[in-house]
Amino acid sequence: MALAMIGNQPFLHGTFGTARVDWQSAGEGSDTMMLFVPTDGWGEITHLGRTWDLTPNQGMMRDLSIETTAYQEQFHSYVLPISKTRIREHARNLGGELMGLYPIEFDPVANLTTSGGQMIRHYMQFLASSLNHGLMDKPNKLVTSQACDLLLTHILTQLKSNVQDILTGQEVSRVVPRHVKRAQDYIHANPSETLDMVSLSETAECSYRTLQRGFIDAFGLTPRQYIRKVRLQLVRNDLMSTDVTDPVATIARRWGFGHMGRFAQEYIQEFGERPTKTARKA
């Protein structure tokens, strides 16, 4: 296993030699994913209820918290450990504050024959070549930081996930007006509080009509719709967390929903399933 650091991002290349290797993992750290981009050999992986071949044309995004079994023969692969927290933060930087609320869920099968898959492979090959030839022996912090950011951007925009379409389909973000940003920051800092439009307008230092027009222009949502969307996503985050075992009604009330019937309808409209189904899946 060869390991190098690109800034604070580990980057590995591993080989299992010529022998067949069988292994099983019962689940490890909950904040880490591993992207495997094979460079030679063959393997078979079972992860998240699916089984597929690992080849130079097909890799995987493995969630380390999920049980996995595999066997491999003469297998070589780039391996990139990715913090879930870091990838979510990078998605927020690319797509705005709402993106930072989404747990990033990747398709575990990484198709490396697409233009996006080839782009990721070529970029990893470029990084490996730079490391092998000593081009990063005296790293420039700005360069290594940008190299890591570009790698995460490729992963978020080129691999199948629940945010890929949002990131690749949106226009380049416009600058959010200062009064809208003030209100937006207040909403994210106090999502469970009673947020009436008078106090929100006072925080934004503008009239409600101006604030509403600003939110619609920036996000396509009124302030009330924006607040509801933020709260629904926070409920979903808790329902999907293995560390939260509270009943659905308790979680909904925690994030400002008082009417359970209306909450359930809004949740289904937003996510296409009942909150109880989300909880059962988690």
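This is a short tour of the structure above, stop by stop, with something to select at each one.

**Before you start**

Keep in mind that you are looking at a predicted model. If you colour the protein chain by confidence, its mean pLDDT is 86, and 92% of its residues reach 70 or more.

**Stop 1: the opening hairpin**

Select residues 2-6, which form strand 1, together with strand 2; the two run antiparallel and are joined by 5 bridges. Click on Met5 and look across to strand 2, where Pro10 stands opposite. Between the strands of this hairpin there are 2 residues, and Gly7 has a positive phi near 65 degrees.

**Stop 2: Gln9**

Stay with strand 2, which covers residues 9-15, and pick Gln9. Is Gln9 buried or exposed? Its relative accessibility is 5%, so Gln9 counts as buried. Now show side chains: that of Gln9 makes a polar contact with the side chain of Arg86, at 3.5 Å. Beyond its neighbours up to four places away in sequence, Gln9 also touches Ala4, Leu80, Pro81 and Cys148, as well as Arg86.

**Stop 3: the nonpolar cores**

Next, select Leu35, Ile82, Phe106, Met124 and Ile155, the residues with the most contacts inside the largest nonpolar core, which has 30 residues. Two or more residues of this core come from each of strand 4 (32-47), strand 7 (68-83), helix 1 (84-95), helix 2 (115-132) and helix 3 (141-158). Helix 3 gives the largest share, 6 residues.

Zoom in on Met124 and display what surrounds it. Setting aside residues up to four places away in sequence, Met124 touches Phe11, Leu35, Val37, Tyr78, Leu80 and Leu151. Apart from this core lies another one, of 25 residues; to find it, select Leu200, Leu234, Phe263 and Phe271, which are among its members.

**Stop 4: salt bridges**

- Arg92 and Glu89: here the closest N and O atoms are 2.5 Å apart. Both residues sit in helix 1, and because they are 3 residues apart, about one helical turn separates them.
- Arg182 and Glu205: these side chains meet in a salt bridge at 3.8 Å, N to O. Arg182 lies in helix 5 (residues 178-189) and Glu205 in the loop between helix 6 (197-204) and helix 7, 23 residues apart. Arg182 is partly exposed, at 28%, whereas Glu205 is exposed, at 61%.
- Asp238, Asp246 and Arg254: select the three together to see a network of salt bridges.

**Last stop: Thr222**

Finish in the loop between helix 7 (208-219) and helix 8 (223-240), where you will find Thr222. With a relative accessible area of 18%, Thr222 is buried. Its contacts, leaving aside neighbours within four places in sequence, are Gln212, Phe215 and Ile216.

Technical notes. Residues are numbered from 1 along each chain as its sequence is written. This is a predicted model: local features need pLDDT of at least 70, side-chain atom pairs count only at pLDDT 80 or more; totals for chains, interfaces and linings use all residues. Side-chain values use heavy atoms; hydrogens and water are left out. Helices (H or I, at least four residues) and strands (E, at least two) are DSSP runs, numbered from the N terminus. Buried means under 20% relative accessible area, exposed over 50%, partly exposed in between (1.4 Å probe, protein chains only). A polar contact is a pair of N or O atoms within 3.5 Å; within protein, one must be able to donate a hydrogen and the other to accept it, and residues adjacent in sequence count only if both atoms are side-chain atoms. Contact means heavy atoms within 4.5 Å. pLDDT is the predictor's confidence in each residue, from 0 to 100. A nonpolar core is a set of buried Ala, Val, Leu, Ile, Met, Phe, Trp, Tyr and Cys residues joined through side-chain atoms within 4.5 Å. Two strands pair if DSSP finds at least two bridges between them. A salt bridge is a side-chain nitrogen of Lys or Arg within 4 Å of a carboxyl oxygen of Asp or Glu.
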